[in-house]
Amino acid sequence: MVFGRSNSRRPVEPVTLKILVAGGFGVGKTTLVGAVSEIRPLRTEETLSEAGRPVDDTAGVEGKTTTTVAMDFGRITLREDLVLYVFGTPGQDRFWFLWDELAQGALGAVVLADTRRLEDSFAAVDYFERRGIPFTVAVNCFDGAGRFPVETVRTALDLDPGVPLMMCDARERESVKEVLVAVVEHALERVDGLRRAAAT
């Protein structure tokens with residue numbers, strides 16, 4: 001019998017991390033999850049109805065015909081040993097009660113913003129700040145939307161200097177990947193900083 005090292009590599013069990021994608025109604029959360037997911041994304045979209053018109057503010061997104069009523073879900077493998085589960089939150093006020101459930105166990109979040117309706121981002125920024133969940137703001141560069149310097153957007157959103165802010169195109173896989181990598185890096189830096197502070 002011959003003994004020796006096996007050339008076969010043992011499968012790597014990947015680390016899985018949960019990332020939320022939040023923001024106002026019609027900002028592009030479903031599009032972002034769908035653009036980056038390597039699996040067919042789970043979507044819980046329903047058609048906007050006449051009954052919802054009084055409560056659904058479609059100003060600025062008049063062409064929108066559907067809305068997420070629970071969540072979007074996708075998955076992306078960043079490395080052989082790192083998989084992200086990406087959960088898109090509903091954007092309408094009446095579904096915010098779901099955010100607490102979706103936030104359970106999240107490493108971090110993306111706050112997707114639209115410069116045409118920047119005020120719709122305040123609730124998401126406030127939500128993650130109050131809960132101490134690390135987040136990155138990604139400005140979705142819609143066609144025809146005004147382009148502003150990053151510092152102008154940072155000031156308008158009153159973001160802390162340590163919160164990453166970047167421009168993105170929620171339709172483009174590579175652009176979305178860059179945003180997700182920024183969220184993971186920011187969250188891990190925060191965790192590392194907390195560990196160092198606890199050790200002193």
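Modeller: Happy to. Threonine 89 touches Val21, Ala22, Gly23, Lys29, Trp99 and Leu102, leaving out residues up to four places away in sequence; contact means heavy atoms within 4.5 Å. Before we go on, this is a predicted model in which local features need pLDDT of at least 70, side-chain atom pairs count only at pLDDT 80 or more, and totals for chains, interfaces and linings use all residues. Residues are numbered from 1 along each chain as its sequence is written, and side-chain values use heavy atoms, with hydrogens and water left out.

Colleague: Is threonine 89 buried or exposed?

Modeller: Threonine 89 lies in the loop between strand 4 (82-88) and helix 2 (99-103). Helices (H or I, at least four residues) and strands (E, at least two) are DSSP runs, numbered from the N terminus. Buried means under 20% relative accessible area, exposed over 50%, and partly exposed in between (1.4 Å probe, protein chains only). Because its relative accessibility is 1%, threonine 89 counts as buried.

Colleague: Which residue in strand 7 is the bridge partner of valine 137?

Modeller: Strand 6 (residues 135-140) and strand 7 (residues 165-168) run parallel and are joined by four bridges; two strands pair if DSSP finds at least two bridges between them. In strand 7, the bridge partner of valine 137 is leucine 165.

Colleague: Which residues does aspartate 160 contact, leaving aside neighbours within four places in sequence?

Modeller: Aspartate 160 sits in the loop between helix 4 and strand 7. With a relative accessible area of 45%, aspartate 160 is partly exposed. Its C-alpha is 9.7 Å from that of glutamate 129, 31 residues apart in sequence. Beyond those neighbours, the contacts of aspartate 160 are Glu129 and Arg154.

Colleague: How far apart are the C-alpha atoms of arginine 173 and leucine 32?

Modeller: Arginine 173 is found in helix 5 (residues 173-199), and at 32% relative accessibility it counts as partly exposed. Not counting residues up to four places away in sequence, arginine 173 touches Ala35, Val36, Ser37, Glu38 and Ile76. Arginine 173 and leucine 32 are 141 residues apart along the chain, and their C-alpha atoms are separated by 8.0 Å.

Colleague: What does helix 5 reach from its first C-alpha to its last?

Modeller: Helix 5 has 27 residues, and its buried residues include Val176, Leu180 and His186. The expected span of a helix is 1.5 Å times one less than its number of residues. For helix 5 that expected value is 39 Å, and the reach from first C-alpha to last is close to it, at 39 Å.
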